Amino acid sequence: MNSLVGEKMSIVTPKAQTTRHRILGIVNSEDYQIVFSDTPGVIKPAYSLQESMMNFVQGSLIDADVILFVTDINERYDEGDVIEKLKKTTSPVAVLINKIDKSSEEEVMKKITYWQETLNPQVIFAISALHGHNIQAIMPFVLDNLPLHEPYYAKDELTDKSERFFVSEIIREKVFKLYDKEIPYSTEVIITSFKDEEKIIRISAEIIVERDSQKNIIIGKGGEMIKKVGTYARQDIEEFLQKKVFLEMFVKVISDWRSKKNYLKSFGYDQ
């Protein structure tokens with residue numbers, strides 16, 4: 001979606017399940033408005049947070065006029081849940097095989113054949129989002145299959161999410177990149193204060209974890225790790241907001257928050 005919209009709307013890390021929310025990216029021109037909806041990847045949910053993530057996916061499948069199914073050249077043919085959902089939809093489906101820059105032409109052709117036989121979509125695009133390869137070929141397919149409708153959003157809107165949301169996602173991206181194992185998946189980021197002053201934006205954030213041991217890992221020896229998170233996050237937030245930022249972060253333990261509906265609702269997962 002970032003490549004199609006031309007702006008960084010969704011955080012990107014090498015780890016699976018990085019995307020947790022449904023994020024809209026809006027592309028406007030004089031002739032059309034396309035609302036791209038980026039969802040979490042389809043998984044079998046193991047706890048309440050993942051159930052909420054799959055609700056975003058289900059809602060998006062129901063709403064969508066066109067479906068772009070993004071898969072990976074390195075996927076291991078274990079997308080059974082996705083395939084069953086896509087077979088039931090009446091919307092046009094395109095399969096996007098991403099990361100072809102990390103593969104051979106032979107392997108790409110094998111994947112194309114697999115998806116043709118398995119899903120028989122309207123079209124298959126072999127792409128590299130990182131290098132922008134074949135991205136523009138997707139737009140004519142989308143436009144050809146979109147219905148005529150009045151614009152849903154104002155022409156100057158890029159997304160339905162707030163600046164606070166994107167700031168929290170930038171911090172969470174750094175957590176995903178700097179920590180290993182279960183730490184990223186046990187973590188949520190909440191913006192508790194966002195004050196836009198004349199020359200600086202003052203932001204306070206809480207990094208939520210599930211156990212005291214995780215809190216210690218997030219902070220690191222002498223606070224070294226949380227300083228790293230803060231430094232990298234502040235640089236990206238300043239670039240995103242185009243203004244100087246003062247960022248302070250605190251770590252808070254909420255036991256098993258991923259399985260508690262009241263916390264998931266307050267964090268924006270259950271509407």
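**Aromatic rings and their surroundings**

Modeller: The protein chain has 271 residues, for which a compact globule would have a radius of gyration near 18 Å; the chain has 20 Å, which agrees. Please note that this is a predicted model. Along its principal axes, the C-alpha trace spans about 55 × 40 × 35 Å. The chain contains nine helices and eight strands, and buried residues make up 45% of its 271 residues. Among contacts between residues at least 6 apart in sequence, 67% join residues at least 24 apart. The accessible surface comes to about 14900 Å², and carbon and sulfur atoms account for 48% of that surface.

Let us now turn to the rings themselves. A pair of aromatic rings is described by the distance of the centres and the angle of the planes. The count in this model comes to eight aromatic pairs. One of them joins phenylalanine 69 and tryptophan 115, with 5.2 Å from centre to centre and 75 degrees between the planes, an edge-to-face arrangement. Phenylalanine 69 belongs to strand β3 (residues 67-72) and tryptophan 115 to helix α4 (residues 105-118), so this pair ties together parts that are 46 residues apart in sequence. Are these two residues buried or exposed? The cut-off for a buried residue is a relative accessible area under 20%. Phenylalanine 69 counts as buried because its relative accessibility is 11%, and tryptophan 115 counts as buried because its value is 1%.

A further pair, also described as edge-to-face, consists of phenylalanine 125 and phenylalanine 141, at 6.2 Å centre to centre and with 70 degrees between the planes. This pair links distant parts of the chain, since phenylalanine 125 lies in strand β5 (residues 123-126) and phenylalanine 141 in helix α5, 16 residues apart. Phenylalanine 125 has a relative accessibility of 8% and therefore counts as buried; phenylalanine 141, at 11%, counts as buried as well.

Rings may also form groups: Phe69, Tyr114 and Trp115 make up one aromatic cluster.

The charged end of arginine 258 sits over the ring of tyrosine 47, 4.5 Å from its centre. Likewise, lysine 161 lies over the face of phenylalanine 165, at 4.9 Å from the ring centre.

Leucine 158 is found in the loop between α5 (138-145) and α6 (163-178). Leucine 158 counts as partly exposed because its relative accessible area is 40%. Apart from its neighbours within four places in sequence, leucine 158 is in contact with Glu7, Met9, Leu24, Gly25 and Ile26. The C-alpha atoms of leucine 158 and valine 35 are separated by 9.1 Å, although these residues are 123 residues apart along the chain.

Conventions:
Residues are numbered from 1 along each chain as its sequence is written. This is a predicted model: local features need pLDDT of at least 70, side-chain atom pairs count only at pLDDT 80 or more; totals for chains, interfaces and linings use all residues. Side-chain values use heavy atoms; hydrogens and water are left out. Helices (H or I, at least four residues) and strands (E, at least two) are DSSP runs, numbered from the N terminus. Buried means under 20% relative accessible area, exposed over 50%, partly exposed in between (1.4 Å probe, protein chains only). Contact means heavy atoms within 4.5 Å. Rings of Phe, Tyr and Trp (its six-membered ring) pair if their centres lie within 6.5 Å; planes under 30 degrees apart count as stacked, over 60 as edge-to-face and the rest as tilted. A charge sits over a ring if NZ of Lys or CZ of Arg is within 6 Å of the ring centre and within 35 degrees of the ring normal. The radius of gyration is taken over C-alpha atoms; the globule rule is 2.2 Å times the number of residues to the power 0.38. Accessible areas come from the Shrake-Rupley method with a 1.4 Å probe; for residues, only the protein chains shown count as cover.
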